[in-house]
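Thanks for making the time this morning.

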Amino acid sequence: MSLGSKDQSKKKRIGFRHAWNGIKEVTRSERNFKLHLFSTVLVIISSAILGLQAIEWSVIILTCSIVLALEMVNSSIERILDYLAPEWNALAGKIKDIAAGAVLVASIGAFVIACILLLPKLLILIGVE
């Protein structure tokens with residue numbers, strides 16, 4: 001292995017470590033992220049119990065990932081604005097509202113998708129067809 005590829009490998013590990021630290025930070029400090037993470041776990045457990053097909057799993061995982069990622073972006077935006085404008089600022093408030101709205105839109109979409117994919121299987125499982 002050349003020196004250059006060793007450096008690249010180290011950079012990748014460092015980048016991954018920073019990303020993992022970000023996930024740990026948002027999990028530890030953000031109540032809404034914890035709520036979305038808990039919901040994701042429930043959906044994954046339900047999906048496993050109900051026996052989703054591969055394409056259904058793909059939709060569920062992608063949808064949950066989008067919600068979690070948007071929640072992280074929203075948290076980042078809030079922290080940046082709190083740092084740049086610690087005093088109340090109407091524009092900062094609007095920016096935070098828009099970022100939170102993006103999470104809400106994704107969450108509603110995720111809920112609808114979960115209902116479309118899981119509800120029919122759940123009804124069959126409990127004998128209501």
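Let me begin with a question: which residues are linked in a network of salt bridges? Please keep in mind, while you look, that what you see is a predicted model. The network is made up of Glu25, Arg28, Glu30 and Arg79, and in the model as a whole the count of salt bridges comes to 5.

I will take glutamate 25 as the way in. Its salt bridge with arginine 28 has the closest N and O atoms 2.5 Å apart, and both residues sit in helix H1, which covers residues 3-29, with a spacing of 3 residues, or about one turn of the helix.

Arginine 79 is itself partly exposed, with a relative accessible area of 38%.

Another pair to look at is lysine 96 with aspartate 82, whose side chains meet in a salt bridge at 2.4 Å, N to O. This pair, too, links distant parts of the chain, since lysine 96 is in helix H4 and aspartate 82 in helix H3, 14 residues apart. Both ends count as partly exposed, lysine 96 at 24% relative accessibility and aspartate 82 at 41%.

Let me turn now to the pockets. Rolling a probe the size of a water molecule over the atoms shows where empty space is left. The largest pocket holds about 450 Å³ of space, and its lining consists of 22 residues, those nearest the centre being Ser39, Val43, Ala110, Phe111 and Ala114. Which helix gives the most to that lining? The answer is H4, with 10 residues, although H2, H3 (54-84) and H4 each supply at least two. Sorted by class, the lining has 16 nonpolar residues, 6 polar ones and no charged ones.

The second largest pocket has about 200 Å³ of space. It is lined by 13 residues, among which Asn32, His36, Glu71, Asn74 and Val103 are the closest to its centre. H2, H3 and H4 each supply at least two residues of this lining as well, and by class it divides into 4 nonpolar, 5 polar and 4 charged residues.

Finally, the surface. A nonpolar patch is formed there by Leu37, Val41, Ile45, Ile49, Leu119, Leu122, Leu123, Leu125, Ile126 and Val128, which together have about 880 Å² of accessible area. Helix H2, covering 31-50, and helix H4, covering 90-125, each supply at least two of the patch residues. One member, leucine 37, lies in helix H2 and is partly exposed, with a relative accessible area of 30%.

Technical notes: Residues are numbered from 1 along each chain as its sequence is written. This is a predicted model: local features need pLDDT of at least 70, side-chain atom pairs count only at pLDDT 80 or more; totals for chains, interfaces and linings use all residues. Side-chain values use heavy atoms; hydrogens and water are left out. Patches are made of residues with over 30% relative accessible area and no salt bridge: like charges are joined within 9 Å, nonpolar side chains (Val, Leu, Ile, Met, Phe, Trp, Tyr) within 5 Å. Accessible areas come from the Shrake-Rupley method with a 1.4 Å probe; for residues, only the protein chains shown count as cover. A salt bridge is a side-chain nitrogen of Lys or Arg within 4 Å of a carboxyl oxygen of Asp or Glu. Helices (H or I, at least four residues) and strands (E, at least two) are DSSP runs, numbered from the N terminus. Buried means under 20% relative accessible area, exposed over 50%, partly exposed in between (1.4 Å probe, protein chains only). On a 1 Å grid over the protein atoms alone, a cavity is a set of points where a 1.4 Å probe fits but cannot get out, and a pocket is an open set with protein on both sides within 12 Å along at least five of seven lines; lining residues have an atom within 4 Å of a point. Grid points are joined across faces, edges and corners, and a volume is the space filled by probe spheres set on the points. Ala, Val, Leu, Ile, Met, Phe, Trp, Tyr, Cys and Pro count as nonpolar, Asp, Glu, Lys and Arg as charged, and the others, Gly among them, as polar.
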